[in-house]
Amino acid sequence: MINVIIVDDEPLAQDVLETYIEKISELNLVQKCSNALEANEALKTHDIDLMFLDIQMPQLTGIDFLKTLSKPPLVIFTT
């Protein structure tokens, strides 16, 4: 099982990703996060293997957030 989080500030984008993730039995959606702070907490709290990360978010972009992580999970950038 691959543990996944979604990091996107747009609820509609989160819902679209969640719909696709639910169709793949090997993926387990652990949490949906609307910003980098929520995602950082999720990464500390859960064992995350894959992160769907929006590039354009307010305050901190997905790329800048990724640069702050010392041991990031695998990342698929979304936009």
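This briefing describes the fold of one protein chain, from its overall layout down to a few individual residues.

The model is a predicted one. The protein chain has three helices and four strands, and along the sequence these elements follow the pattern β-α-β-α-β-α-β. With a radius of gyration of 11 Å, close to the 12 Å given by the globule rule for 79 residues, the protein chain is as compact as a globular protein of that length. The four strands form an open sheet with parallel pairing, in the order 2-1-3-4.

**Overall dimensions and surface**

- The C-alpha trace of the protein chain spans about 30 × 25 × 15 Å along its principal axes.
- The accessible surface of the protein chain comes to about 5,000 Å², and 55% of this belongs to carbon and sulfur atoms, while 34% of the 79 residues count as buried.
- Among contacts between residues at least 6 apart in sequence, 60% join residues that are at least 24 apart.

**The sheet and its pairing**

- In the order 2-1-3-4, strand 2 (27–33) and strand 4 (74–78) stand at the edges, and because each has a single partner strand, one side of each is left without a neighbour in the sheet.
- Neighbouring strands of this sheet are turned against each other by 20° on average, direction ignored.
- Strands of a sheet pair through backbone hydrogen bonds, in either a parallel or an antiparallel arrangement.
- Strand 1 (residues 2–7) runs parallel to strand 2 and is joined to it by six bridges; within this pair, Ile2 has Leu27 as its bridge partner, and Val7 stands opposite Cys33.
- Strand 1 also runs parallel to strand 3, to which four bridges join it, and here the bridge partner of Val7 is Leu53.
- Strand 3 pairs in turn with strand 4, in the parallel sense and over five bridges, with Leu53 standing opposite Phe77 of strand 4.

**Helices and crossovers**

- Helix 1 (residues 11–22) lies across strand 1, strand 2, strand 3 (50–54) and strand 4, and runs at about 170° to strand 2.
- Helix 2 (residues 36–45) lies across strand 1, strand 2 and strand 3, and its angle to strand 2 is about 140°.
- A right-handed β-α-β unit is made by strand 3, helix 3 and strand 4.

**Strand 3 and Leu50**

- Five of the five residues of strand 3 are buried, so this strand is largely enclosed by the rest of the structure.
- In a regular strand the side chains alternate between the two faces of the sheet.
- In strand 3, Leu50, Phe52 and Asp54 point one way and Met51 and Leu53 the other way, and all are buried.
- Leu50, which lies in strand 3, has a relative accessibility of 12% and therefore counts as buried, the cut-off being under 20%.
- Leaving aside residues up to four places away in sequence, Leu50 touches Ile2, Asn3, Val4, Ile5, Leu27, Pro73, Leu74, Val75 and Ile76.
- Leu50 and Leu29 are 21 residues apart in sequence, and their C-alpha atoms are 9.6 Å apart in space.

**Ile5 in strand 1**

- Ile5 has its place in strand 1 and, at 0% relative accessibility, counts as buried.
- Not counting residues up to four places away in sequence, Ile5 touches Leu29, Val30, Gln31, Ala39, Ala42, Leu43, Ile48, Leu50, Met51 and Phe52.
- Ile5 and Ile48 are 43 residues apart along the chain, yet their C-alpha atoms are separated by 7.0 Å.

**Gln59 in a loop**

- Gln59 lies in the loop between strand 3 and helix 3 (62–68), and its relative accessibility of 84% means that this residue counts as exposed.
- Most residues other than glycine have a negative phi.
- The phi of Gln59 is near 75°, a positive value in a residue other than glycine.

Technical notes:
Residues numbered from 1 in each chain as written. Predicted model: local features only at pLDDT ≥ 70, side-chain atom pairs only at ≥ 80, totals over all residues. Heavy atoms only, no water. Pairing = 2+ DSSP bridges. Helix = DSSP H or I, 4+ residues; strand = E, 2+ residues; numbered from the N terminus. Axes fitted to C-alpha atoms, helices over the stretch in contact; angles between N-to-C directions. Contact = heavy atoms within 4.5 Å. Rg over C-alpha atoms; globule rule 2.2 N^0.38 Å. Buried < 20%, exposed > 50% of the residue type's maximum accessible area, 1.4 Å probe, protein only. Areas by Shrake-Rupley, 256 points an atom, 1.4 Å probe, with all protein chains shown as cover. Right-handed = clockwise from strand over helix to strand, strands pointing away.
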